[in-house]
Amino acid sequence: MGFTVRRTAAAAAAGAALLVLSACGQSAVESSGAAGGESGTVVFAAVPSEESTSLQQSYQSVISLLEKETGQKVQFQNATDYAAVIEGMRAGQIDIAGFGPFSYVLAKNQDAGITPVAALVDKKGDEPGYQSYAITVNDSPITDLAGFAGQTVCFVDPNSTSGYLYPTAGLIEAGVNPATGVTPVFAGGHDASALAVASGQCAAGFAYDSIVDTQLIESGQLKPGRLRTVWKSETIAGSPVAVASDVDPQLRQKIADAFTQKANVDYLTANGFCASADTCEVGEEGGWGYVTVDDAFYNGVRRVCDITKAESCTSLG
(Lines give C-alpha, C1' and ligand atoms only; values in the text may rest on other atoms or scores of the structure.)
Protein backbone atom coordinates (compact mmCIF):
# COMPACT_ATOMS: atom_id res chain seq x y z
CA MET A 1 0.00 0.00 0.00
CA GLY A 2 3.06 2.28 0.05
CA PHE A 3 6.35 2.87 -1.76
CA THR A 4 9.29 5.25 -1.72
CA VAL A 5 9.88 7.30 -4.83
CA ARG A 6 11.51 10.60 -5.80
CA ARG A 7 10.86 12.41 -9.06
CA THR A 8 13.95 11.04 -10.82
CA ALA A 9 13.45 7.59 -9.38
CA ALA A 10 9.83 7.56 -10.48
CA ALA A 11 10.76 8.51 -14.00
CA ALA A 12 13.46 5.88 -14.13
CA ALA A 13 11.18 3.20 -12.71
CA ALA A 14 8.39 4.09 -15.10
CA GLY A 15 10.82 3.99 -18.00
CA ALA A 16 12.19 0.65 -16.87
CA ALA A 17 8.71 -0.81 -16.61
CA LEU A 18 7.84 0.46 -20.07
CA LEU A 19 11.03 -1.00 -21.50
CA VAL A 20 10.20 -4.37 -20.00
CA LEU A 21 6.70 -4.26 -21.44
CA SER A 22 7.87 -2.93 -24.79
CA ALA A 23 10.21 -5.88 -25.08
CA CYS A 24 7.12 -8.05 -25.34
CA GLY A 25 6.51 -6.61 -28.80
CA GLN A 26 3.03 -5.07 -29.07
CA SER A 27 1.36 -2.89 -26.49
CA ALA A 28 -1.00 -4.65 -24.11
CA VAL A 29 -4.08 -3.19 -25.69
CA GLU A 30 -2.96 -4.08 -29.21
CA SER A 31 -2.02 -7.63 -28.29
CA SER A 32 -5.12 -8.20 -26.16
CA GLY A 33 -7.34 -7.94 -29.18
CA ALA A 34 -9.42 -5.25 -27.47
CA ALA A 35 -10.25 -3.65 -30.81
CA GLY A 36 -10.71 -6.72 -32.94
CA GLY A 37 -11.81 -9.27 -30.34
CA GLU A 38 -9.16 -11.81 -31.30
CA SER A 39 -7.47 -13.85 -28.62
CA GLY A 40 -4.33 -12.18 -27.28
CA THR A 41 -2.74 -10.98 -24.07
CA VAL A 42 -4.02 -8.86 -21.22
CA VAL A 43 -1.36 -7.35 -18.95
CA PHE A 44 -2.20 -7.30 -15.22
CA ALA A 45 0.16 -5.32 -12.98
CA ALA A 46 0.41 -5.08 -9.19
CA VAL A 47 2.80 -3.59 -6.66
CA PRO A 48 3.65 -5.56 -3.51
CA SER A 49 2.74 -3.85 -0.22
CA GLU A 50 5.65 -5.61 1.49
CA GLU A 51 8.75 -7.37 0.24
CA SER A 52 7.34 -10.22 -1.78
CA THR A 53 8.77 -12.84 -4.07
CA SER A 54 5.47 -14.65 -4.61
CA LEU A 55 3.08 -11.90 -5.68
CA GLN A 56 2.11 -13.75 -8.85
CA GLN A 57 1.39 -16.88 -6.80
CA SER A 58 -1.01 -14.85 -4.64
CA TYR A 59 -2.93 -13.81 -7.76
CA GLN A 60 -2.63 -17.11 -9.64
CA SER A 61 -6.19 -18.32 -9.02
CA VAL A 62 -7.56 -14.95 -10.15
CA ILE A 63 -5.27 -14.95 -13.20
CA SER A 64 -6.54 -18.40 -14.20
CA LEU A 65 -10.13 -17.23 -13.74
CA LEU A 66 -9.54 -14.13 -15.88
CA GLU A 67 -8.04 -16.23 -18.66
CA LYS A 68 -11.09 -18.47 -18.74
CA GLU A 69 -13.62 -15.63 -18.54
CA THR A 70 -11.99 -13.32 -21.10
CA GLY A 71 -10.46 -15.85 -23.50
CA GLN A 72 -7.19 -13.91 -23.20
CA LYS A 73 -3.77 -14.88 -21.95
CA VAL A 74 -3.03 -12.89 -18.78
CA GLN A 75 0.55 -11.67 -18.42
CA PHE A 76 1.28 -10.71 -14.81
CA GLN A 77 3.70 -7.87 -14.04
CA ASN A 78 5.19 -7.51 -10.55
CA ALA A 79 5.64 -3.73 -10.87
CA THR A 80 8.29 -1.63 -9.15
CA ASP A 81 5.94 1.15 -8.04
CA TYR A 82 2.66 2.87 -8.85
CA ALA A 83 4.30 5.55 -10.99
CA ALA A 84 5.39 2.84 -13.39
CA VAL A 85 1.90 1.31 -13.37
CA ILE A 86 0.20 4.61 -14.14
CA GLU A 87 2.64 5.37 -16.97
CA GLY A 88 2.17 1.85 -18.31
CA MET A 89 -1.61 2.29 -18.35
CA ARG A 90 -1.37 5.66 -20.08
CA ALA A 91 0.96 4.16 -22.70
CA GLY A 92 -1.43 1.30 -23.46
CA GLN A 93 0.94 -1.32 -22.03
CA ILE A 94 -1.01 -2.30 -18.89
CA ASP A 95 -4.68 -3.25 -19.06
CA ILE A 96 -5.53 -4.14 -15.45
CA ALA A 97 -3.83 -2.92 -12.28
CA GLY A 98 -4.10 -3.29 -8.54
CA PHE A 99 -3.80 0.13 -6.86
CA GLY A 100 -3.79 1.53 -3.37
CA PRO A 101 -6.71 3.94 -2.85
CA PHE A 102 -4.40 6.97 -2.91
CA SER A 103 -2.50 5.86 -6.00
CA TYR A 104 -5.82 5.12 -7.72
CA VAL A 105 -6.96 8.72 -7.15
CA LEU A 106 -3.66 9.96 -8.60
CA ALA A 107 -4.07 7.65 -11.59
CA LYS A 108 -7.63 8.88 -12.13
CA ASN A 109 -6.41 12.48 -11.99
CA GLN A 110 -3.96 11.73 -14.79
CA ASP A 111 -6.33 9.61 -16.91
CA ALA A 112 -10.04 10.12 -16.29
CA GLY A 113 -10.86 6.98 -18.29
CA ILE A 114 -9.29 4.58 -15.79
CA THR A 115 -12.18 2.64 -14.24
CA PRO A 116 -12.21 0.96 -10.80
CA VAL A 117 -14.13 -2.31 -10.98
CA ALA A 118 -13.56 -4.15 -7.71
CA ALA A 119 -11.89 -4.14 -4.30
CA LEU A 120 -10.87 -7.00 -2.02
CA VAL A 121 -12.70 -7.81 1.22
CA ASP A 122 -11.53 -10.04 4.05
CA LYS A 123 -14.84 -11.84 4.59
CA LYS A 124 -18.00 -12.40 2.60
CA GLY A 125 -20.39 -9.52 3.21
CA ASP A 126 -17.69 -7.11 4.39
CA GLU A 127 -17.28 -3.57 3.09
CA PRO A 128 -14.01 -3.03 1.19
CA GLY A 129 -12.04 -0.84 3.58
CA TYR A 130 -9.43 -0.66 6.31
CA GLN A 131 -7.96 1.80 8.81
CA SER A 132 -4.70 3.54 9.53
CA TYR A 133 -3.44 3.05 13.09
CA ALA A 134 -1.23 5.39 15.12
CA ILE A 135 0.91 3.21 17.35
CA THR A 136 3.35 3.39 20.24
CA VAL A 137 4.94 0.81 22.49
CA ASN A 138 2.63 -0.33 25.26
CA ASP A 139 4.41 1.57 28.06
CA SER A 140 4.80 4.84 26.14
CA PRO A 141 3.50 8.05 27.78
CA ILE A 142 2.00 9.02 24.41
CA THR A 143 -1.76 8.52 24.48
CA ASP A 144 -3.04 10.43 21.44
CA LEU A 145 -1.93 12.17 18.25
CA ALA A 146 -1.26 15.43 20.09
CA GLY A 147 1.43 13.54 21.98
CA PHE A 148 3.31 12.91 18.74
CA ALA A 149 4.52 16.53 18.80
CA GLY A 150 8.31 16.71 19.06
CA GLN A 151 8.71 12.95 18.62
CA THR A 152 10.48 10.80 16.05
CA VAL A 153 7.57 9.38 14.07
CA CYS A 154 7.65 6.52 11.58
CA PHE A 155 5.57 6.89 8.44
CA VAL A 156 5.50 4.38 5.60
CA ASP A 157 6.07 6.51 2.52
CA PRO A 158 5.01 9.93 1.24
CA ASN A 159 2.74 8.20 -1.31
CA SER A 160 1.07 5.76 1.10
CA THR A 161 -2.62 6.18 1.85
CA SER A 162 -2.74 4.67 5.33
CA GLY A 163 0.96 5.13 6.03
CA TYR A 164 1.16 8.87 5.36
CA LEU A 165 -1.84 10.64 3.81
CA TYR A 166 -4.46 9.80 6.46
CA PRO A 167 -1.91 10.09 9.30
CA THR A 168 -0.91 13.60 8.24
CA ALA A 169 -4.57 14.63 8.10
CA GLY A 170 -5.02 13.22 11.59
CA LEU A 171 -1.98 15.09 12.91
CA ILE A 172 -3.17 18.37 11.37
CA GLU A 173 -6.59 17.94 12.97
CA ALA A 174 -4.81 17.25 16.31
CA GLY A 175 -2.84 20.48 16.00
CA VAL A 176 0.49 18.90 15.05
CA ASN A 177 2.33 20.04 11.93
CA PRO A 178 3.39 16.79 10.20
CA ALA A 179 6.30 18.55 8.47
CA THR A 180 7.81 20.59 11.30
CA GLY A 181 6.11 19.35 14.47
CA VAL A 182 7.63 15.85 14.34
CA THR A 183 10.85 14.27 13.11
CA PRO A 184 9.58 12.05 10.27
CA VAL A 185 11.16 8.72 9.35
CA PHE A 186 9.97 6.92 6.20
CA ALA A 187 10.28 3.21 6.92
CA GLY A 188 9.34 2.06 3.40
CA GLY A 189 6.73 -0.53 4.42
CA HIS A 190 3.90 -0.94 6.92
CA ASP A 191 5.66 -3.88 8.54
CA ALA A 192 8.91 -1.91 8.78
CA SER A 193 7.12 1.07 10.35
CA ALA A 194 5.43 -1.04 13.03
CA LEU A 195 8.62 -2.97 13.82
CA ALA A 196 10.62 0.26 14.07
CA VAL A 197 8.19 1.50 16.72
CA ALA A 198 8.33 -1.85 18.52
CA SER A 199 12.14 -1.74 18.61
CA GLY A 200 12.31 1.87 19.80
CA GLN A 201 13.73 3.35 16.61
CA CYS A 202 10.66 5.57 16.47
CA ALA A 203 8.71 6.84 19.46
CA ALA A 204 5.49 6.45 17.52
CA GLY A 205 4.35 5.60 14.03
CA PHE A 206 1.66 4.56 11.61
CA ALA A 207 0.67 1.34 9.83
CA TYR A 208 -2.52 -0.18 8.49
CA ASP A 209 -4.75 -2.18 10.81
CA SER A 210 -4.12 -5.83 9.96
CA ILE A 211 -0.33 -5.40 10.04
CA VAL A 212 -0.64 -4.37 13.70
CA ASP A 213 -3.57 -6.56 14.73
CA THR A 214 -2.66 -9.87 13.12
CA GLN A 215 -0.01 -10.18 10.43
CA LEU A 216 3.17 -9.39 12.38
CA ILE A 217 1.92 -11.31 15.41
CA GLU A 218 1.02 -14.39 13.39
CA SER A 219 4.40 -14.30 11.64
CA GLY A 220 6.18 -14.17 14.98
CA GLN A 221 7.82 -10.81 14.30
CA LEU A 222 5.85 -8.95 16.96
CA LYS A 223 4.95 -10.01 20.49
CA PRO A 224 1.26 -9.65 21.37
CA GLY A 225 0.69 -6.54 23.46
CA ARG A 226 3.97 -4.89 22.48
CA LEU A 227 2.22 -2.13 20.53
CA ARG A 228 -0.68 0.06 21.60
CA THR A 229 -3.02 1.81 19.18
CA VAL A 230 -3.70 5.43 20.19
CA TRP A 231 -5.66 6.57 17.12
CA LYS A 232 -7.63 5.00 14.29
CA SER A 233 -8.52 6.76 11.07
CA GLU A 234 -11.93 6.74 9.48
CA THR A 235 -12.47 3.78 7.20
CA ILE A 236 -10.28 4.09 4.12
CA ALA A 237 -11.75 2.84 0.86
CA GLY A 238 -10.21 -0.51 -0.03
CA SER A 239 -7.52 -0.95 -2.65
CA PRO A 240 -9.16 -1.18 -6.08
CA VAL A 241 -8.49 -3.15 -9.21
CA ALA A 242 -8.85 -0.77 -12.15
CA VAL A 243 -9.03 -1.18 -15.92
CA ALA A 244 -7.23 1.09 -18.38
CA SER A 245 -9.16 3.64 -20.40
CA ASP A 246 -8.41 2.10 -23.78
CA VAL A 247 -9.59 -1.42 -22.99
CA ASP A 248 -12.57 -2.36 -25.16
CA PRO A 249 -15.87 -1.91 -23.23
CA GLN A 250 -16.92 -5.54 -23.79
CA LEU A 251 -13.60 -6.81 -22.45
CA ARG A 252 -13.80 -4.37 -19.54
CA GLN A 253 -17.21 -5.75 -18.62
CA LYS A 254 -15.93 -9.32 -18.74
CA ILE A 255 -13.07 -8.35 -16.45
CA ALA A 256 -15.41 -6.54 -14.04
CA ASP A 257 -17.85 -9.47 -13.94
CA ALA A 258 -15.05 -11.95 -13.34
CA PHE A 259 -13.75 -9.98 -10.36
CA THR A 260 -17.07 -9.10 -8.73
CA GLN A 261 -19.01 -12.30 -9.37
CA LYS A 262 -16.42 -15.08 -9.39
CA ALA A 263 -13.08 -13.96 -7.93
CA ASN A 264 -13.81 -15.19 -4.43
CA VAL A 265 -12.85 -18.20 -2.35
CA ASP A 266 -16.28 -19.84 -2.68
CA TYR A 267 -16.39 -19.77 -6.49
CA LEU A 268 -12.71 -20.43 -7.05
CA THR A 269 -12.78 -23.50 -4.81
CA ALA A 270 -16.07 -24.86 -6.19
CA ASN A 271 -14.84 -24.54 -9.77
CA GLY A 272 -11.37 -26.00 -9.42
CA PHE A 273 -9.26 -22.84 -9.47
CA CYS A 274 -8.24 -23.56 -5.87
CA ALA A 275 -7.64 -26.97 -4.31
CA SER A 276 -9.41 -26.02 -1.09
CA ALA A 277 -10.88 -23.00 0.66
CA ASP A 278 -8.14 -23.13 3.30
CA THR A 279 -5.35 -22.84 0.73
CA CYS A 280 -7.12 -20.51 -1.72
CA GLU A 281 -5.25 -17.23 -2.18
CA VAL A 282 -7.20 -14.28 -3.56
CA GLY A 283 -4.84 -11.37 -4.04
CA GLU A 284 -1.81 -10.46 -1.98
CA GLU A 285 -3.71 -9.88 1.25
CA GLY A 286 -5.43 -13.25 1.14
CA GLY A 287 -9.00 -11.99 1.48
CA TRP A 288 -12.29 -13.73 0.69
CA GLY A 289 -12.77 -12.07 -2.67
CA TYR A 290 -13.74 -8.96 -4.60
CA VAL A 291 -16.81 -6.74 -4.51
CA THR A 292 -17.99 -3.90 -6.75
CA VAL A 293 -16.71 -0.35 -6.21
CA ASP A 294 -16.99 2.89 -8.18
CA ASP A 295 -15.07 6.14 -8.39
CA ALA A 296 -17.25 7.95 -5.83
CA PHE A 297 -16.17 5.41 -3.21
CA TYR A 298 -12.76 7.14 -3.17
CA ASN A 299 -14.03 10.64 -2.38
CA GLY A 300 -12.82 10.20 1.21
CA VAL A 301 -9.26 10.06 -0.11
CA ARG A 302 -9.89 13.25 -2.05
CA ARG A 303 -11.22 14.93 1.10
CA VAL A 304 -8.08 14.03 3.02
CA CYS A 305 -6.01 15.46 0.18
CA ASP A 306 -7.95 18.70 0.58
CA ILE A 307 -7.08 18.77 4.29
CA THR A 308 -3.40 18.00 3.88
CA LYS A 309 -2.69 19.93 0.65
CA ALA A 310 0.05 17.35 0.20
CA GLU A 311 2.23 17.73 -2.87
CA SER A 312 2.00 13.98 -3.31
CA CYS A 313 -1.77 14.37 -3.82
CA THR A 314 -1.03 15.75 -7.27
CA SER A 315 2.21 14.01 -8.22
CA LEU A 316 3.90 10.65 -7.63
CA GLY A 317 7.22 12.03 -6.40
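Q: Buried means under 20% relative accessible area, exposed over 50% and partly exposed in between (1.4 Å probe, protein chains only). With that in mind, which residues of helix α11 are buried?
A: Val301, Val304, Cys305 and Thr308 are the ones to look at in α11, which spans residues 299-308. This is a predicted model, where local features need pLDDT of at least 70 and side-chain atom pairs count only at pLDDT 80 or more, while totals for chains, interfaces and linings use all residues. Residues are numbered from 1 along each chain as its sequence is written, and side-chain values use heavy atoms, with hydrogens and water left out.

Q: What do the buried residues of α11 pack against?
A: Their partners are α5 (101-110) and α6 (161-173). After α11 comes lysine 309, with a positive phi near 55°.

Q: Why is proline 184 called partly exposed?
A: Its relative accessible area is 35%, a value between the 20% and 50% cut-offs, so proline 184 is partly exposed. This proline lies in strand β8 (residues 183-186); strands (E, at least two residues) and helices (H or I, at least four) are DSSP runs numbered from the N terminus.

Q: Which residues beyond its sequence neighbours does proline 184 contact?
A: Leaving aside neighbours within four places in sequence, proline 184 is in contact (heavy atoms within 4.5 Å) with Val153 and Phe155. Phenylalanine 155 is 29 residues from proline 184 in sequence, and their C-alpha atoms are 6.8 Å apart.

Q: What makes a set of residues a nonpolar core, and which members of the largest one touch the most others?
A: The members are buried Ala, Val, Leu, Ile, Met, Phe, Trp, Tyr and Cys residues joined through side-chain atoms within 4.5 Å. Here the largest core has 81 residues, and Phe44, Leu66, Phe99, Phe259 and Tyr290 touch the most other members. Helix α3 (residues 55-70) gives the largest share, 6 residues. A second, separate core of 13 residues includes Leu145, Val153, Val182 and Val230.

Q: How many helices and strands does the chain have, and what share of its residues is buried?
A: You will find 11 helices and 13 strands, and buried residues make up 53% of the 317 in the chain.
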